[in-house]
Amino acid sequence: MEKNEAAGAARSDPMHLLAVGTKKGLWLGTSSDRQNYVFTGPHFLMQEIPSIAIDTRGGRTRILVGLRSEHWGPTVAHSDDFGATWQEPEQGAITFPPDTDAALERVWQIQPDSAAQPGVVWAGCEPISVWKSTDGGEHFELNRGLWDHPHRTEWGAGYGGAAAHTVLPSPADSDTIHIAMSTGGVYRSTDAGASWMPRNKGIGATFMPVETPEFGQCVHKIARDPNHPEVLFAQNHGGVYRSANNGDSWDYIAAGLPADFGFTILTHPWRSDTAWVIPLTADYQRIPPDGQMGVYRTDDAGQSWTCLATGLAQPEYNVVLRDAAAVDTAEPVGLFFGTRGGTVYASADEGEHFVPILQQLPDVLCVRAAAVELL
């Protein structure tokens, strides 16, 4: 048993918070058993919620949400009282400097840093950009190292837009950060964001003239191993991959899956070699294979996969988007996901059994879960 696994087993009887962001608002739920929830919402009715973070560092719970209003535009709001009140900076939390000649389109990712950097929160945005906050997510500063990167003019837009959709600060080294973008692939900084290098060796890009270019891949999501920060997993636009060397090279691990296309990938919060994906048929159908939704888990770093579908309504023709799935840190680990058809599922046993906890919502864009102390 590894150190983080032992720590997880010591947790007992927390209250569980689930945040669900949709095309038309935010729902917040609390539960003692991760199957029966009491929800409030919709918060921010008729605003798109593409990104959420639940920050439990420093002995308090802060919920951060990326908002996108068709009238007021995008920003980041936060609540320290479980959604009873919300705060938004008057001048906007994320504002491009005048010399960039750019405007914020969408906040795709909000990611708190490690406990060692309690005020640091990262954001990945559209247009492709990364931002850093040092005050808990109230104000963000543009990372110029990425914005001024010589590759930027060659990064394209995925189907949903040109976005830095994943930011992974390393818990072992505050200078190391990985990002993933559509399209551009995986980039890594080892100097706290001052400079960035593409790290896509082995990841395919069948839509390009060279199938394994230095950059330009449409990586849909990346996740980090909890005990070995140099180990990463990726769900690509075609292909599931694992890197054992901080992204320097990637190995294909999708053998045994019904399809290697998908949007989300999750790793276990304290057990190594465990990850979950939700396969879709590529490329233009984008539905679960044969209309049968399944969450697939590996417990051996991708050597084999197990289909988990107990409790899921079938047939299912809706997509699970890249951030519409999450794990918590309870024991056993909870697994949650929502579909574009508006159904949210919860599992309190790592995906062995699912129950629907919300239905008939607008398109689910983002799901986040955490064990918290209620006020």
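Q: Hi! How do the residues lining the largest pocket divide into nonpolar, polar and charged?
A: There are 23 nonpolar, 11 polar and 11 charged residues in that lining. Ala, Val, Leu, Ile, Met, Phe, Trp, Tyr, Cys and Pro count as nonpolar, Asp, Glu, Lys and Arg as charged, and the others, Gly among them, as polar.

Q: What kind of model is this, and how are residues numbered?
A: It is a predicted model, where local features need pLDDT of at least 70 and side-chain atom pairs count only at pLDDT 80 or more, while totals for chains, interfaces and linings use all residues. Residues are numbered from 1 along each chain as its sequence is written, and side-chain values use heavy atoms, with hydrogens and water left out.

Q: Back to the pocket: which residues lie nearest its centre?
A: Gln111, Pro112, Pro269, Val327 and Thr329 do, out of 45 lining residues. A pocket here is an open set of points on a 1 Å grid over the protein atoms alone, where a 1.4 Å probe fits, with protein on both sides within 12 Å along at least five of seven lines; lining residues have an atom within 4 Å of a point.

Q: New topic: is strand E12 mostly covered or mostly open?
A: Mostly covered: 6 of the 6 residues in E12 (177-182) are buried, meaning under 20% relative accessible area with a 1.4 Å probe, protein chains only.

Q: Which residues sit on each face of E12?
A: Ile177, Ile179 and Met181 are on one side, with His178, Ala180 and Ser182 on the other.

Q: And what joins E12 to E13?
A: A hairpin does, through 2 residues.

Notes: Buried < 20%, exposed > 50% of the residue type's maximum accessible area, 1.4 Å probe, protein only. Helix = DSSP H or I, 4+ residues; strand = E, 2+ residues; numbered from the N terminus. Pairing = 2+ DSSP bridges.
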